[in-house]
Amino acid sequence: MCAHFHECGGCSLQHYQYEKQLEAKQEQIGETLQRLGGFSDFQIFSTLPSVEIFHYRNKMEFSFARQRWITEAEIAEGLYVEKNGHYLGLHAKGFFEKVIDIETCHLVKPIVSEIVAAVRDIAIHSELPVYSTRDHEGFWRFLIIRTCQNTDDLMVNVVTSRFDEKAAENIKSLSSQFPQITSLLYSTTANKASVAFTEKEYLLAGKNTIIEKLGRYQFEISANSFFQTNTKQAERLYDVALDYAEFSGDENVYDLYCGAGTISLYISDYVGQVVGFEAIESAVKDANRNSVLNGVRNCEFVLGDLRDQLLDTKNIISRFGKPDVMIIDPPRSGMHPKTVKSILYLQPDRIVYVSCNPATLARDLKELRTIN
Ligand SMILES: C[S@@+](CC[C@H](N)C(=O)[O-])C[C@H]1O[C@@H](n2cnc3c(N)ncnc32)[C@H](O)[C@@H]1O
């Protein structure tokens with residue numbers, strides 16, 4: 001088992017054998033649908049095991065912190081908590097001000113841990129302090145690394161609170177240390193929340209997007225765009241969604257929370273047309289570019305917050321036609337109640353809801369069932 005497991009907030013089930021992890025997930029979903037959704041009449045299929053159980057995660061966001069988590073054994077040895085260090089890793093369970101100064105994370109490819117060590121080293125040798133959400137001062141904030149499974153692309157994005165010429169130069173040296181990096185970005189954010197969403201990007205080496213393949217499709221993904229984090233499972237997830245949607249070939253499909261258009265394009269051969277809705281501008285640009293890249297002509301993408309976009313349902317229907325099927329794949333927070341209401345007004349014949357959070361899935365399904 002991972003040496004960091006008991007303290008690290010990154011994983012919660014690694015102490016179980018993989019078979020047991022799958023069972024635990026299945027049980028959790030059943031229990032949540034009953035308890036939070038009030039559902040009793042449903043069927044849960046067995047969890048589809050991942051092709052790989054380690055090194056599968058294609059994106060990891062590491063955070064800088066001034067304090068690292070000190071284990072009980074270290075405290076017993078007399079180690080004290082340093083107040084102004086340069087630590088880089090994953091948050092300790094329940095502690096946003098402290099990170100586990102990760103040496104190896106088994107969820108990502110080994111090169112990712114090597115890059116983490118190199119970036120930590122650059123920060124340690126800089127004269128610049130780590131940012132803290134306590135006083136909103138400091139420089140170093142996040143490191144985001146994205147790897148691909150079906151291509152060799154590798155994106156490294158170092159996020160700080162402001163631009164610094166010397167830091168940019170030092171970060172740029174990563175590209176000679178790791179020639180595998182195909183996209184080296186330096187980004188800044190003034191956002192006070194601990195969210196690794198960047199506002200300004202500087203391209204230091206390579207290109208500013210990565211390309212990943214799913215099935216026969218290629219997807220160009222930029223730094224702020226979402227992409228399913230387990231590439232091989234994403235393809236299987238989309239196949240399951242396709243299967244459940246039971247398309248006959250001419251449906252009008254709304255793909256809500258469409259990201260870079262991955263589901264829209266993946267299902268495009270099986271339907272009449274797809275309209276994707278998404279709030280992040282770079283993701284909509286990626287989606288449009290991905291349509292062209294794959295020669296797809298029956299998808300269009302609409303930029304905006306779904307809560308507002310779907311409010312005027314008459315206007316939506318006159319612009320895009322009534323939806324026959326909706327694919328809904330929201331963030332962990334689930335759907336806004338106004339979006340749920342709009343969906344009920346739009347009355348699609350079928351909904352396929354893809355969820356990464358059983359609790360909000362249960363809440364949304366309950367709303368979808370009860371509002372009239
Ligand atoms: C779980 S991802 C799914 C993306 C895509 N379906 C896929 O499989 O790659 C959720 C997406 O919803 C977008 N999003 C979050 N809140 C939104 C909102 N209020 N309105 C529209 N899009 C939103 C995010 O930017 C993200 O791209």
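Predicted model: local features only at pLDDT ≥ 70, side-chain atom pairs only at ≥ 80, totals over all residues.
The protein is divided into three parts, namely domain 1 (15–49), domain 2 (59–207) and domain 3 (230–370). The centres of domain 1 and domain 3, taken over C-alpha atoms, are separated by 24 Å. These two domains touch each other, with eight residues of domain 1 in contact with seven residues of domain 3. On the domain 1 side of this meeting, four residues are nonpolar, four are polar and none is charged.

Next comes the ligand. A shell of 20 residues lies around the ligand, and F226, Y257, G259, A279 and L306 come nearest. Helix α7 (262–267), strand β12 (273–278) and helix α9 (306–309) are the elements that each give two or more residues to this shell.

Finally, a pair of helices deserves a look. Two packed helices are described by the angle between their axes and the distance between the axes. For helix α11 (residues 337–346) and helix α12 (residues 358–370), the angle is about 40° and the axes are 10 Å apart. Because of this angle, α11 counts as oblique to α12. The crossing of α11 and α12 is right-handed. From α11, the contact draws on P337, V340, I343 and L344, while α12 contributes D364, E367 and L368. Sorted by type, the residues of this contact between α11 and α12 comprise five nonpolar, no polar and two charged.

How values were computed: Residues numbered from 1 in each chain as written. Axes fitted to C-alpha atoms, helices over the stretch in contact; angles between N-to-C directions. Helix = DSSP H or I, 4+ residues; strand = E, 2+ residues; numbered from the N terminus. Parallel < 35°, antiparallel > 145°, perpendicular 65-115°, else oblique. Left-handed = near helix turned anticlockwise from the far one by under 90°. Nonpolar A, V, L, I, M, F, W, Y, C, P; charged D, E, K, R; others polar. Near = placed C-beta within 6 Å. Domains from an automatic or database assignment.
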